[in-house]
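Hello,

Here is the structure we spoke about, for you to look through. My notes on what was found in it follow below.

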Amino acid sequence: MNNIIKEYNDNGYIFIKKNFFKNIKKLIKKKILFYSNYILLKNNIINNKINSFDRLSDRLIFYDKKCNIISNLYDILPADPDIFNLVNNTNFIKITKDLSIKNPLVGTIPTIRFDRPMDAKRNTPKHRDFWYSFLSKNSITIWFNLEDDKKELGNLIVYPKSQKIIKDGIQDSKKGTYEYKNKDIKLEEKIEINLKKDEILIFNQNLIHQSGINKSTKARISVQIRYNDLNSLKEFKSSFKCTISDYVSNKQRELLNDK
């Protein structure tokens, strides 16, 4: 374990392979398949349920053009009780504590991300996850994809040891995220993350990373779970708040305008 912690502290990331992980992936795939069938049937896109995740994955982009299913999945999946409860998974909590997070706090609700093929508009540039909390310097991100890594899907790119760079160079990317831009700092090395079967990536939220370009015809599906540490909080605040959605806010405004 000491070697793992040393590697993590030095490079800013590590790979961990655990038996429990295959069940996590199986659960998430099952949920994606369930909600996809529900959405597609409700929209009369299909007449019969799709029986396998692999079959759904192959045609998800086709269905997305018919009914914006990916946007629907983004919204509804984190609200599923089993997906929401991933942040409380005892195995994930143990990993955070092994990496010196003494009192884990949820950084964000679990995020299930769908990267469409050749989607330059939404492709995430170089950034740090820490910018989305500004609370805990030793905060971590647990990251994994649902399918075996294939280069054409566009692997996550990390910059080893970049968590040690003090100067930020934060800039609005106009893509709903922020971008690392600092002309004084040259990032010498970058690595494409190629996860093996049942392997997960753990990285320091100060590590600079970015999305790879999805050159396939399928959506790249990945999962992110984030934790802060109570013992290193700058302020007694949270990274996120569970509030009403934009959908509800818009509906409220519509009702007020109708009066």
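I112 sits in strand β2. The model is predicted, and what follows should be read with that in mind. Is I112 buried or exposed? I112 counts as buried because its relative accessible area is 3%, and the cut-off for buried is under 20%. In sequence, I112 and D75 are 37 residues apart, while their C-alpha atoms lie 9.5 Å from each other in space.

I112 also comes up in the pockets, which I take in order of size.

The largest pocket has a volume of about 1500 Å³. Its lining is made up of 45 residues, and those closest to its centre are Y74, T111, I112, Q224 and R226. Which elements give two or more residues to this lining? They are the helix α4 (69-76) and the strands β2 (104-115), β3 (140-145), β9 (209-210) and β10 (220-229). The biggest contribution is that of β2, with eight residues. Sorted by class, the lining of the largest pocket has 18 polar, 16 nonpolar and eleven charged residues.

For the second largest pocket, the volume is about 190 Å³. Twelve residues line this pocket, and I16, K18, K94, I95 and D98 are the closest to its centre. Two or more lining residues come from each of β1 (13-17) and α6 (90-98). Which of the elements has the largest share of this lining? That is α6, which supplies four residues. In the lining of the second largest pocket, eight residues are nonpolar, three are charged and one is polar.

The last item is on the surface. Y132, F134, I170 and Y178 form a nonpolar patch there, and together they have about 360 Å² of accessible area. Why is I170 described as partly exposed? The reason is its relative accessible area of 42%, since partly exposed covers the range between the buried limit of 20% and the exposed limit of 50%.

I112 is among the residues closest to the centre of the largest pocket, and I170 is part of the nonpolar surface patch.

Regards

Definitions and conventions. Residues numbered from 1 in each chain as written. Predicted model: local features only at pLDDT ≥ 70, side-chain atom pairs only at ≥ 80, totals over all residues. Heavy atoms only, no water. 1 Å grid on protein atoms, 1.4 Å probe; cavity = no way out; pocket = protein on both sides within 12 Å on 5 of 7 lines; lining within 4 Å. Points joined across faces, edges and corners; volume = space filled by probe spheres on them. Nonpolar A, V, L, I, M, F, W, Y, C, P; charged D, E, K, R; others polar. Patch = residues over 30% accessible without salt bridge, like charges linked within 9 Å, V, L, I, M, F, W, Y side chains within 5 Å. Areas by Shrake-Rupley, 256 points an atom, 1.4 Å probe, with all protein chains shown as cover. Salt bridge = Lys/Arg side-chain N within 4 Å of Asp/Glu carboxyl O. Buried < 20%, exposed > 50% of the residue type's maximum accessible area, 1.4 Å probe, protein only.
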